Amino acid sequence: MVQIGYTLMCEQTPVRQLVEDAVTAERTGFDFAVISDHYFPWLEEQGHSAYAWSVLGAVAQATERLPLMTYVTCPTMRYHPAVVAQKAATMGVLSGGRFTLGLGAGENLNEHVIGEGWPPADTRHRMFREALQIIRELFEGDYVTYQGEFFDLDSAKLWDLPEEPVPIGVAASGPQSVRVAAEYGDLLISNEPAPEAVERFRAEGGSGKPVYGQLAVAYDTDADAAMRRAHRLWRWATSGWKVMAELPGPVNFAAATQTVRPEDVASSVPCGDDVGAVVEAVRAYVEAGHTHLALVQIGHDRQEPFFDWAGKELLPALREL
């Protein structure tokens, strides 16, 4: 049975509400929660971008059973991998072993802020592989000295570690990144229902490991209102990953999506209160091999009615998949 999670979307939600939403997600019956780790929102209309790791610390104390995961953190520029390892280990302790570190190669949107430019994709993948090596070594608890092409460590050691090492999830899509995910990841993160990527991951050494995905929905009893809201806040997602990884700011995403229509967004985002539409969208992930799927409710001011609908209608229907 697929596990259904909830997404704490830092780009659209006020900081304190993120913690409250996590508590409600646990009470509603979601199986896990993921949190985005951004410096900028995708669009200015979203209006927020809290520091995910502060929120995670608060959520770990406010919840009791809900597994938590970053979706996803880039460990190569804005954060040094040694610092990511320390943050993740601390979260592993604070949460009582409920934390998974989801990692990815990042986007220009969030990483350009340190003023080092945005490397080409091949360079980013080499940086990412080094970062994964460093984090894995630090999780073992010993002193680590490392000299790589991009990163150096001088006698680094993590002093507070959870009883079990924090699992690492790796976001991937193409052959190169999927190979890295199979080598270094305890699970695969794939945003789209891509059976080829899942099959490749399993063939490269990821057999038996979980596969996580994410699906945006726009719940509302008024389907037209839901579609308009999805267009206003989610049209950035129609750009495709090759564009999304490269654009530097919200204004650029706004310019790139000027011609996107509400119906274009609605073609991939279930809008309204049709449980069957969400079930069919989730089914595509299940058939592609996903074991875990995190839902995103678009619009911070529509979370309460979404939770009510999810608890009474949506989650029971999804449990039958």
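Residues are numbered from 1 along each chain as its sequence is written, and side-chain values use heavy atoms, with hydrogens and water left out. As the model is predicted, local features need pLDDT of at least 70 and side-chain atom pairs count only at pLDDT 80 or more, whereas totals for chains, interfaces and linings use all residues.

Helix H1 spans residues 15-28, where helices (H or I, at least four residues) and strands (E, at least two) are DSSP runs numbered from the N terminus. Its 14 residues reach 20 Å from the first C-alpha to the last, close to the 20 Å expected at 1.5 Å a residue, the expected span being 1.5 Å times one less than the number of residues. The buried residues of H1 (under 20% relative accessible area, with a 1.4 Å probe and protein chains only) are Gln17, Leu18, Val19, Asp21, Ala22, Thr24, Ala25 and Glu26. These buried residues pack against strand E1 (3-8), helix H2 (52-62) and helix H13 (303-318), with contact meaning heavy atoms within 4.5 Å. After H1 comes Gly29, whose phi is positive, near 115°.

Gly213 is found in strand E9 (residues 211-219) and is buried, with a relative accessible area of 0%. Although Gly213 and Ile4 are 209 residues apart in sequence, they are 9.8 Å apart in space, C-alpha to C-alpha. Leaving aside residues up to four places away in sequence, Gly213 touches Tyr71, Ser190, Tyr285, His290, His292, Leu293 and Ala294.

With a disulfide taken as a pair of cysteine sulfur atoms within 2.5 Å, the count comes to 0 disulfides. The sulfur of Cys10 has its closest cysteine sulfur in Cys74, 16 Å away, which is too far for a bond. Cys10 is buried at a relative accessible area of 0%, and Cys74 is buried at 3%.

The second largest pocket has a volume of about 190 Å³, that is, the space filled by probe spheres set on grid points joined across faces, edges and corners. On a 1 Å grid over the protein atoms alone, a pocket is an open set of points where a 1.4 Å probe fits, with protein on both sides within 12 Å along at least five of seven lines, and lining residues have an atom within 4 Å of a point. The lining comprises 17 residues, of which Gly97, Arg98, Phe99, Thr100 and Pro167 lie nearest the centre. Strand E2 (32-35), strand E3 (68-70) and strand E4 (99-103) each supply at least two residues of this lining.

Key
Buried < 20%, exposed > 50% of the residue type's maximum accessible area, 1.4 Å probe, protein only.
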